[in-house]
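Please open the structure in your viewer and keep the selection tool at hand.

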Amino acid sequence: MAAEPYRDEENEVDVLAIVRMCLFLFLKYWKWFLFSTCVCMFFSILLYMRAQHTYVQTAMVLLEDTGGRGYYGGNSLDALKEMSGVRVSDKLKDEMFVLTSRRLMGKVVKELDLDVFYSTTVGLRPVSLFKVRPFTVTFDSLAAVPMMFDVEVESDGKLTITNLLTVDGKIPFKAQVDYGKQVKTPAGTIVFTRSDEADEFVGKTINVFHNTFQKTVSRYTKILSAKEYDKNANLIELDIVDTNRDRCQTILNTLLNIYKKDIVETKNTVATNTAEFIDARIGIIGGELGEVEGQLAHFKKSNNFVDFNMNARAYLEQTSESRKQLVDLESQLSVAQYLKDFIAQNSDKKVLIPQLTGLGTSSMQGQIDQYNRIMVERNRMAANASETASPIVERDAALDAMRRAILASLDSYTNTVKLQLAQAKRVDRMLQGQLTGVPEKEIKALDITRQQAIKENLYTYLLNKREEVALQLAINEANVRVVEPPYGSDRPVSRGVKIYALVALLIGLLIPSLVLWIRTKIYTKVRGRKDVEDNLSAPILGTIPRWDDDMSDGTLLLKGDMSSSVAEAFRVLRYSVDMVVKRPAVIMVTSSTPSQGKSFTSRNLAVILGITGKRVLLIDADVRKGTLTSVLHGSSAGLTGYLADESRTLSDVVVKGISDNVDLIPSGVRPPNPAELLMSPRLEELVAQAKKEYEYILLDTTPAFSVADANLITRVAELMLYVIRVGVEDSRFLKELDKLYRGGKYPKMGIVINDEDALSNSGYGYGYGYGYGYGYGYGYGYGYGNKKKKKSLKDRLLSRIKN
């Protein structure tokens, strides 16, 4: 046979029971739930009426490129960055970051003066003002701390400033000002400029809030978002959510314009740096050319030379190619040396390398182009992030490697040019040696002319490059196109009244639920049968429901109505007792403290046992108070008389016929030594004689933990009925009682749960009671009768859920 799978019953959750309990509590306390929900609904309506409307505007931007994503695209650049250890990121995401950066938003805030907020109130709802407002406030400086004040627009064209608030609290200030005039306030010197719509706001109060620049930038950066529109397109969707629709549109339009300018400025950075380099070189070469021309003029003047080229025409024809090559090589060497010096002097300044076409090999030109592109990208990211950010550190490392590679290429190039120049000079010297007929002065003039030609060639080259750079700077188109200008609905997207109502309903239900849950957690009394079952291993023999028909004669609860639920509960208890003990049976009834209902249980159990025709003897063993004796009005020498006087017999102390087949032994006169009296062997003799005449002997004792009497009586009892009253017994004591049961001190114990309310798990209103002395002073009156109350619909539903 296969083994039954293990089930952790202690950890199982009875979901149905939890649902029934929640429904039970809801129906029981429905008035509180209704009240809480109505209050929350009321406040939610107020909140809705006071909530500002918000609007959404959207714009679509296309990044145009010729290869790769982003307007800097280029597969060769990406490959070079990967070889240099730089992670190639999605350019579209980079541009999304730039669009939502604090740097660009700071420019928008400055251009639109967004650090000053205007609002008014329409009904209960605050309304933000932007384009349509009565005036514009100009402050003499940026706000050091946030500040706010109210401005009342008067009918006579004046303005009244009141309620000036800062972070330090309210400042007592009130002033009446005119449009266009400066006024000194604790917020600084301000000027009000009247707008065309000022007449529409006469009689209204305008709230002006001057926020700090950084906080304003943070606010608008948070409400702006950018996302990729499609995975296969270079489209960026920009969304902004604000309390004024016109302000949303204006911010998006301004942001896009500033973004385009930023792209153009970034793209022109290389050309600008190149232009600065060329201008500096032109100034130097121009000075050197002037010096050479001055030397040539002085030489001609001092030697009376007009055209010495005619004297050396043959020489010039033979050496023209050699000189041309020599001039070109010296020009290339000079430019290359200038470029090397520039790179060496600006290695740590994060500047771009001038890009001079025609200089060096195509590979070196490609290296410089790629270096500048990465430098532009690095500087652009550094404007929006820290220098220690990982992407910037990675690009710095790549730039260092590329800078060293460019310098190495320049070194190789200059060495090659130097070798070529040395060869050209050797050829030139050889030709000069052959010209023995040329006068020495002509040779010297020829050297000066050659230096002039070199400087003129270099000067002309730089002038041409400056024109190329100027043409590049004139092209100011950004690789960005606005596909969709800002658009959006005129209706606000704020939470509707349905959302507020739903939240109010949830909170209205949650508050009483939380209160009931806290009440359950802090309530330490026994709430019902489940508490007893969870904490006690002793058998539960019966559960006595609450009896609400409180009568005045207070004798036997069941005397008038044997068909009530209480009577049925005692019949179940009678059945359980018969299953546990054999007749004649000696049963003691006790509890842990007074007011548990043990006397009520003992006398009515006696009645229900007597109805079956069995003879029952009810003994009031509570010799200290004699509760049964006072309730049933029994009079005889009683138990104390029998125990103290050995001459008395059982018949001398029994009161006959308190109910059908039920007799009573009253407690008797209270003795000075109750405990010692109950230790007398006469108690065993009394029980032995009673067993001969009665089939059930019930002993109603004192509380087990108040005095020692109950523990003394356990020696003659065959069954201990331990009464636990709902709402009276402390649930924390049940574990201690279970230890006593498991430890064998109360091995014959059976539990009777008293006052179990079918409609509540934690109620403590009782329709019956009795009094104990023991220093407590409780007073209850038992009620009985045949009167029944008709249950309401709610009670019937609760009963069905409970059962």
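Which residues form one aromatic cluster with Phe117? Select Phe117, Phe209 and Tyr220, for these three residues make up one aromatic cluster. Please bear in mind that the model is a predicted one.

The charged end of Arg219 sits over the ring of Tyr220, at 4.7 Å from the ring centre. A further example is found at Lys28 and Tyr29: the charged end of Lys28 sits over the ring of Tyr29, 5.5 Å from its centre.

Colour the two residues by accessibility. Phe26 is partly exposed, with a relative accessibility of 34%. Phe33, by contrast, is buried, at a relative accessible area of 6%, because buried means under 20%.

Now select Phe135 and Phe192. Their ring centres lie 5.2 Å apart and their planes stand at 85°, so this pair is edge-to-face. Planes over 60 degrees apart count as edge-to-face. Display the strands as well: Phe135 belongs to strand β4 (residues 135-139) and Phe192 to strand β10 (residues 188-194), and the pair therefore ties together parts that are 57 residues apart in sequence.

How values were computed. Residues are numbered from 1 along each chain as its sequence is written. This is a predicted model: local features need pLDDT of at least 70, side-chain atom pairs count only at pLDDT 80 or more; totals for chains, interfaces and linings use all residues. Side-chain values use heavy atoms; hydrogens and water are left out. Buried means under 20% relative accessible area, exposed over 50%, partly exposed in between (1.4 Å probe, protein chains only). Rings of Phe, Tyr and Trp (its six-membered ring) pair if their centres lie within 6.5 Å; planes under 30 degrees apart count as stacked, over 60 as edge-to-face and the rest as tilted. Helices (H or I, at least four residues) and strands (E, at least two) are DSSP runs, numbered from the N terminus. A charge sits over a ring if NZ of Lys or CZ of Arg is within 6 Å of the ring centre and within 35 degrees of the ring normal.
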